[in-house]
Structure formats: structure tokens, C-alpha cells
Amino acid sequence: MSDLAGVRVLLGVTGGIAAYKAAQVARLLVGAGATVDPVLTAGARRFVGVATFEGLTGRRVRQDVWDDIPAETHVALGRAADVALVYPATAHVLAKLATGLADDLLTTTLLAATCPLVVAPAMHTEMWQHPATRHNVEVLRTRGVHVLGPDDGPLMGGDVGPGRVVAPEEAVAALARLVAPVGDLAGERAGDLAGRTVVVTAGGTREPIDPVRYLGNRSSGRMGVALAGAAARRGATVHLVAAPTHLATPAGVTRHDVTTAAQMRAAVLPLAADADVVVKAAAVADFRPAAVATSKVKKEAGVPAIELVRNPDILAELGAARAPGQPPLLVGFAAETDDVEAHGRAKLERKRADLLVVNDVSSTDAGFEVDTNRVVILGRDGSRTVVPLAGKDAVADRILDEVVARLPARDG
Ligand code: CTP
């Protein structure tokens with residue numbers, strides 16, 4: 001690994017047991033040619049030693065904002081950094097970063113830094129899943145912070161679950177991708193979707209019952225939004241047809257907001273006519289109430305019987321309308337809870353898609369409302385690609401790799 005040659009990395013280490021792995025991160029970064037400025041918080045220093053990091057990086061470990069006032073250490077370090085990594089990032093430091101608190105050298109330095117910031121959270125599952133942490137992570141993401149992991153696995157004290165810091169190698173690879181030369185942001189994938197039009201659907205549709213109620217589902221839209229962002233980074237013209245989601249629109253993506261399955265169909269069909277690829281990551285309601293009450297259904301009228309009717313299957317319609325071998329390339333998703341791959345294969349055939357991404361939404365670390373996903377990509381051509389648990393951005397790129405491999409070469 002020498003893809004970080006000459007890159008100056010600010011390595012923030014915060015107070016969790018995973019701090020010991022930050023030593024390996026430092027070693028890998030130095031091995032890849034980076035200059036590493038380690039900043040250890042007081043909590044980190046209870047777990048790991050300053051001497052370890054000085055020895056590994058050959059540089060002084062900065063500890064205190066008060067150490068050398070004339071040198072303005074925090075401003076100097078912040079300005080000098082090409083990229084900053086907080087590894088591990090505790091729930092506490094995520095909260096401080098989300099609110100802009102600056103009460104130690106690391107947080108003041110990160111406020112002064114304008115470079116890309118990557119955080120690798122590590123904490124117990126309960127802390128990771130706490131609404132406060134979820135909110136803070138969302139705030140950081142919408143601000144453009146790259147959140148790596150956490151992984152699922154053994155945690156301190158014998159617990160097991162989401163909250164384990166990503167492997168040092170994964171963190172270093174993520175930094176290498178970020179600091180790739182301008183115009184090559186996606187590394188070797190740069191520009192491989194240039195000149196292509198990609199339509200992505202995301203989120204869960206809502207089918208109204210009356211003016212205040214609807215039938216909905218748990219899809220957050222994260223996977224679709226990650227796909228839209230990844231396709232745009234790889235050079236595509238991207239249309240995101242989004243069912244209600246609070247997620248921000250990624251840079252360079254044109255968003256079309258819809259609520260119901262019928263609206264999604266009306267938005268997708270004309271866009272698909274000019275698209276090279278349609279990715280149906282949305283969770284589209286299969287049924288809608290046959291009639292929508294014009295005023296709020298009152299309980300005095302008794303328990304209502306809601307008659308449901310089938311919604312159009314947008315993916316199946318696109319599959320049926322397409323002549324063999326003609327665009328667009330169709331990618332479906334299947335959220336399943338049992339016999340995951342068998343259902344996926346059947347769906348792939350039924351809907352005449354080219355690729356079907358299957359995930360097991362019964363696990364707690366993949367599927368709905370989480371930042372990670374573990375999927376299997378099934379191809380019409382019989383292929384089967386397993387994507388291990390990873391952040392949704394990384395999964396999005398793996399899915400797009402399969403798409404790119406199947407796109408017909410362009411004329412000229
Ligand atoms: N899909 C669609 N229109 C629908 C229902 C689903 O376009 N009315 C798409 C989804 O966006 C997804 C794929 O079809 O890409 C599979 O969705 P899923 O809900 O898993 O499949 P269903 O066909 O609804 O099958 P079931 O609910 O019986 O598992």
C-alpha cells in the first residue's frame with residue numbers, strides 16, 4: 001500500500017477499548033507513505049500509550065490545547081491535514097462533533113480542519129442504537145462526514161453485536177479512496193458510469209388511508225440514496241425518485257419526490273425510457289386502500305374495515321416492457337426474512353430483472369434503518385456475488401460494479 005504517499009493524516013484516537021487498534025492504523029498509514037499526526041484524547045490515553053504512537057509515527061503526539069499557545073497547535077494541525085480520521089470514535093466524540101463542541105485538542109482541531117473527515121465509531125450496541133447517537137450520526141453524514149461501520153462482532157465484556165470498530169485495513173483503504181487525485185474520487189471506478197443515465201428509487205412508499213393516516217413500511221431510503229450518490233461520483237447522470245425520507249440528496253443528483261406507489265410509477269416510467277440503468281431500491285407498497293377517506297376516520301364509527309387493492313409492480317412492468325437485450329439494465333431489490341436466496345432467484349425471473357440484490361432484513365445489522373448492509377447480488381446470468389457486512393456506501397459501489405460489468409459497450 002503506497003497510495004497515501006505524501007498525504008498528511010490527522011489521526012484522532014478517542015477513549016474506547018478499540019484504541020489499541022489505532023496503533024495498527026498508524027502503522028499501516030505510515031507504511032502507505034502518509035505523514036501521521038496523532039492526537040490522543042484524555043480517554044484514549046487511559047487505554048493506550050503516547051509512546052506507542054510516537055514510536056510508530058515518528059512524530060510528537062499532541063495532547064493538550066494549552067501546550068503551546070503561540071504555535072496555535074489546533075489551527076496548525078487542522079490546516080495541515082489532507083484528511084482526518086477519528087479511530088475509534090466514541091459516542092461522546094460523535095456527539096461533540098455533531099454539535100460543534102470544542103473542549104479538547106482533538107475537537108478544536110477538527111473544527112479548524114476543512115479537510116474530509118472520516119469517523120470509525122466503536123461502542124456498545126445499545127449506545128450505537130440510542131436515538132441520540134443515531135441523530136448525531138445522521139447530522140454528521142448530512143454534513144459530509146464519512147462514517148465507517150461499525151461492524152458486527154465481539155465487543156468488550158463478552159457482548160456481541162453492532163458496535164465493533166472497522167478493521168484498521170478498512171479504515172486505511174477508505175482514506176486512500178478519499179484522497180485519490182481530484183477527478184479520481186472513486187479510485188479505479190472513476191468515471192466508469194460517465195455518459196450513462198441512472199434512475200434510482202429509494203425509500204418506502206406511503207399509501208393514504210385518510211388525510212392523516214397511511215400504510216407504510218420501515219425502509220429508510222439509505223441504500224437507494226447511497227446508490228444514487230455512488231453512481232453520481234462515478235460520473236452518471238442520476239435521477240433519484242424518492243419516497244419520503246429525511247436523507248439529504250447527494251451531490252450531483254436530481255431528486256424527484258413522490259409519496260405513493262402510483263406516483264413513483266408515474267415518475268419512473270418516463271425517466272426509465274431514457275435510462276441506461278434503473279435501480280429499484282425503494283420498498284414499494286404492494287397494496288393500497290381501495291378508497292381514501294376524504295376526512296379523518298373517527299373511532300366512534302367503529303373499527304373500520306380497510307379494503308386493499310394491488311398496486312402496479314413497477315419493476316415487473318419495466319421488465320415486461322423491455323425487448324430482450326435492450327436497455328435499461330434493471331436492478332431489483334428483495335428484502336426477505338426466510339429462504340432469502342430462493343425467493344430472490346424467483347423474483348429475479350418473475351420480474352425479468354438483470355440483477356437482484358437480496359438482503360435478509362431479519363438480522364439486526366443489515367436491511368432497514370441501519371447504516372450497514374450484507375447482501376447477495378444474484379444475476380440473471382446465474383452469477384452470485386456475496387457482499388459481506390459493510391457500510392451502505394461500500395455496498396452501493398459493489399452493486400454498481402456488477403452493473404458496470406453488464407452494461408453494453410457504447411458506440412464510438
Ligand atoms: N417493486 C416494484 N413495485 C411494486 C413492488 C415491488 O417496483 N409494486 C420492486 C421493488 O422496488 C424491488 C422489487 O420489486 O426492487 C422487489 O420488491 P419486494 O417487495 O421484495 O417484492 P414483491 O414483488 O413485493 O414480493 P413480496 O412482497 O411478495 O415478497
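Entry 1, the overall layout. I am working from a predicted model. I took the distance between the centres of domain 1 and domain 2 over C-alpha atoms, and I got 34 Å. Domain 1 covers 8-178 and domain 2 covers 186-406.

I checked the length of α1, residues 19-31: its 13 residues should span 18 Å at 1.5 Å a residue, and the end C-alpha atoms lie 19 Å apart, so the two agree. Next I asked which residues of α1 are buried. My list reads A19, K21, A22, A23, V25, A26, L28 and L29.

I found T99 in helix α5, residues 91-99. Is T99 buried or exposed? The relative accessible area is 58%, over the 50% cut-off, so I wrote T99 down as exposed. Its side chain reaches the backbone oxygen of A95 at 2.8 Å. I also looked at L140, 41 residues from T99 along the chain, and the C-alpha atoms of the two are 9.2 Å apart.

I counted 16 residues around the ligand, and the closest are K280, D286, F333, K347 and K351. Then I went through contacts to ligand oxygen atoms. D286 places a polar side-chain atom 2.7 Å from one, and the side chain of K347 has an N or O atom at 2.7 Å from one. Last, I looked at cover: the ligand taken alone exposes 570 Å², and the protein buries 78% of that.

Notes: Residues numbered from 1 in each chain as written. Predicted model: local features only at pLDDT ≥ 70, side-chain atom pairs only at ≥ 80, totals over all residues. Heavy atoms only, no water. Domains from an automatic or database assignment. Helix = DSSP H or I, 4+ residues; strand = E, 2+ residues; numbered from the N terminus. Expected span 1.5 Å × (residues − 1). Buried < 20%, exposed > 50% of the residue type's maximum accessible area, 1.4 Å probe, protein only. Polar contact = N/O pair within 3.5 Å; in protein donor to acceptor, adjacent residues only side chain to side chain. Near = heavy atom within 4 Å. Areas by Shrake-Rupley, 256 points an atom, 1.4 Å probe, with all protein chains shown as cover.
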